[in-house]
Amino acid sequence: MHTFGYRANALLTFAITALAFICAIASFSDKFSNQNPSAEIQILNINRFKKQSHGNDEVSLTLDISADLQSLFTWNTKQVFVFVAAEYETPKNFLNQVSLWDAIIPAKEDAKFRIQVSNKYRFIDQGQNLRGKEFNLTLHWHVMPKTGKMFADKIVMPGYSLPDAYR
Amino acid sequence: MDWQGQKLAEQLMQILLLIAAVVAFVVGYATESFRTMMLIYAGGVVLTTLITIPNWPCFNRHPLKWLDPSEAEKYPKPEVVAVSSKKKSSKK
């Protein structure tokens with residue numbers, strides 16, 4: 001503690017260490033929030049179902065997505081990244097996951113929503129396996145904190161299927 | 001600052017920062033606002049800087065007693081002896 005610089009350095013180091021400590025506790029306090037998100041997806045329409053020129057199947061859908069993710073937001077949440085994926089099995093791959101739509105929810109007020117949208121990303125198979133295929137639609141979310149660990153979870157909704165013939 | 005003052009300043013710094021951190025967390029958690037926590041903590045850091053870094057008079061209450069010049073003359077500095085193979089110590 002001999003000069004200004006010495007004291008300033010000691011203060012700064014201690015201040016940053018204490019800051020790291022309270023951020024860690026803030027992140028840990030997220031464990032005590034109880035979360036019950038809910039979601040529902042309906043397929044309104046299958047717009048197109050064809051075989052591409054290279055030989056892969058492609059589907060275009062219109063989805064009705066309604067979700068209530070408000071309980072995921074805590075004081076330490078910066079934003080929630082949510083996406084919808086279609087999951088199905090083919091003889092070649094045990095699990096195929098194709099992301100159809102995603103969004104960023106920046107605040108708690110926007111976390112309860114219902115939208116009708118066509119798929120943002122193309123639903124293309126590796127092969128021609130989609131005729132009559134049964135698939136699950138899964139709503140995944142990643143909760144991004146202001147400090148600390150990001151955690152992710154999902155809701156699986158089974159029971160959707162594609163028509164047996166191309167349109 | 002004198003030695004006692006330095007010790008006091010260091011202790012004060014640590015205690016003030018700890019209190020600022022605890023108060024910031026508690027208020028931030030209660031109001032569910034991360035921004036509040038950060039603002040209170042930043043305010044605490046600035047306050048601690050103002051209190052502990054400059055040379056306030058309260059840190060100088062036990063000043064060092066330097067020797068009078070007359071005292072110092074009674075004990076002159078030892079003179080450098082020419083280097084020899086025998087080690088001789090002739091200090092007063």
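A pocket here is an open set of points on a 1 Å grid over the protein atoms alone, with protein on both sides within 12 Å along at least five of seven lines, and its lining residues have an atom within 4 Å of a point. With that in hand, the largest pocket has a volume of about 230 Å³, the volume being the space filled by probe spheres set on the points, which are joined across faces, edges and corners.

This is a predicted model, where local features need pLDDT of at least 70, side-chain atom pairs count only at pLDDT 80 or more, and totals for chains, interfaces and linings use all residues. Residues are numbered from 1 along each chain as its sequence is written, chains are lettered from A and ligands numbered from 1 in the order in which they are written, and side-chain values use heavy atoms, with hydrogens and water left out.

**The largest pocket**

- Chain A supplies the lining: A:Ser27, A:Phe28, A:Asp30, A:Lys31, A:Ser33, A:Gln35, A:Asn76, A:Pro145, A:Thr147, A:Gly148, A:Lys149 and A:Phe151.
- Sorted by class, that lining holds three nonpolar, six polar and three charged residues (Ala, Val, Leu, Ile, Met, Phe, Trp, Tyr, Cys and Pro count as nonpolar, Asp, Glu, Lys and Arg as charged, and the others, Gly among them, as polar).
- One of the lining residues, A:Lys31, sits in the loop between α1 and β1 (38-51) of chain A; helices (H or I, at least four residues) and strands (E, at least two) are DSSP runs, numbered from the N terminus.
- A:Lys31 counts as exposed, with 63% relative accessibility (buried is under 20% relative accessible area, exposed over 50%, partly exposed in between, using a 1.4 Å probe and protein chains only).
- Between the C-alpha atoms of A:Lys31 and A:Thr17 there are 23 Å, for 14 residues along the chain.

**Strands in chain A**

- β7 (residues 134-145) and β8 (residues 151-161) of chain A pair antiparallel over nine bridges, where pairing takes at least two DSSP bridges between the strands.
- The two make a hairpin with five residues between them, and A:Gly148 in the turn has a positive phi of about 110°; A:Gly148 is also among the residues lining the largest pocket.

**Aromatic pairs**

- Over all chains, the whole structure has eleven aromatic pairs (rings of Phe, Tyr and Trp, the last by its six-membered ring, with centres within 6.5 Å; planes under 30 degrees apart are stacked, over 60 edge-to-face, the rest tilted).
- A:Trp75 and B:Phe34 have ring centres 5.9 Å apart and planes at 55°, so they count as a tilted pair.
- This pair joins two chains, because A:Trp75 is in the loop between β2 (57-68) and β3 (77-88) of chain A and B:Phe34 is in helix α2 (residues 34-52) of chain B.
- Both A:Trp75 and B:Phe34 are buried.
- A:Tyr88 and A:Phe123 make another tilted pair, at 6.0 Å centre to centre and 40° between the planes.
- That one links distant parts of the chain, with A:Tyr88 in strand β3 and A:Phe123 in strand β6 (residues 123-124) of chain A, 35 residues apart, and both residues are buried.
- Ring pairs also tie A:Trp75, B:Phe25, B:Tyr29 and B:Phe34 together as a cluster.

**Chain B**

- Chain B has three helices and zero strands, and 23% of its 92 residues are buried.
- An unreviewed UniProt entry puts "transmembrane region" at residues 12-31 and 37-56 of chain B; positions follow the numbering used here, feature names are shortened, and annotations may be inferred rather than shown by experiment.
- In the model, residues 12-31 of chain B are 100% helix and 0% strand, with end C-alpha atoms 28 Å apart.
- Residues 37-56 of chain B come out at 80% helix and 0% strand, with 29 Å between the end C-alpha atoms.
- B:Glu32, in the loop between α1 (3-31) and α2 of chain B, has a positive phi near 55°.
- Most residues other than glycine have a negative phi.
- B:Glu32 counts as exposed, at 56% relative accessibility.

Conventions: On a 1 Å grid over the protein atoms alone, a cavity is a set of points where a 1.4 Å probe fits but cannot get out, and a pocket is an open set with protein on both sides within 12 Å along at least five of seven lines; lining residues have an atom within 4 Å of a point.
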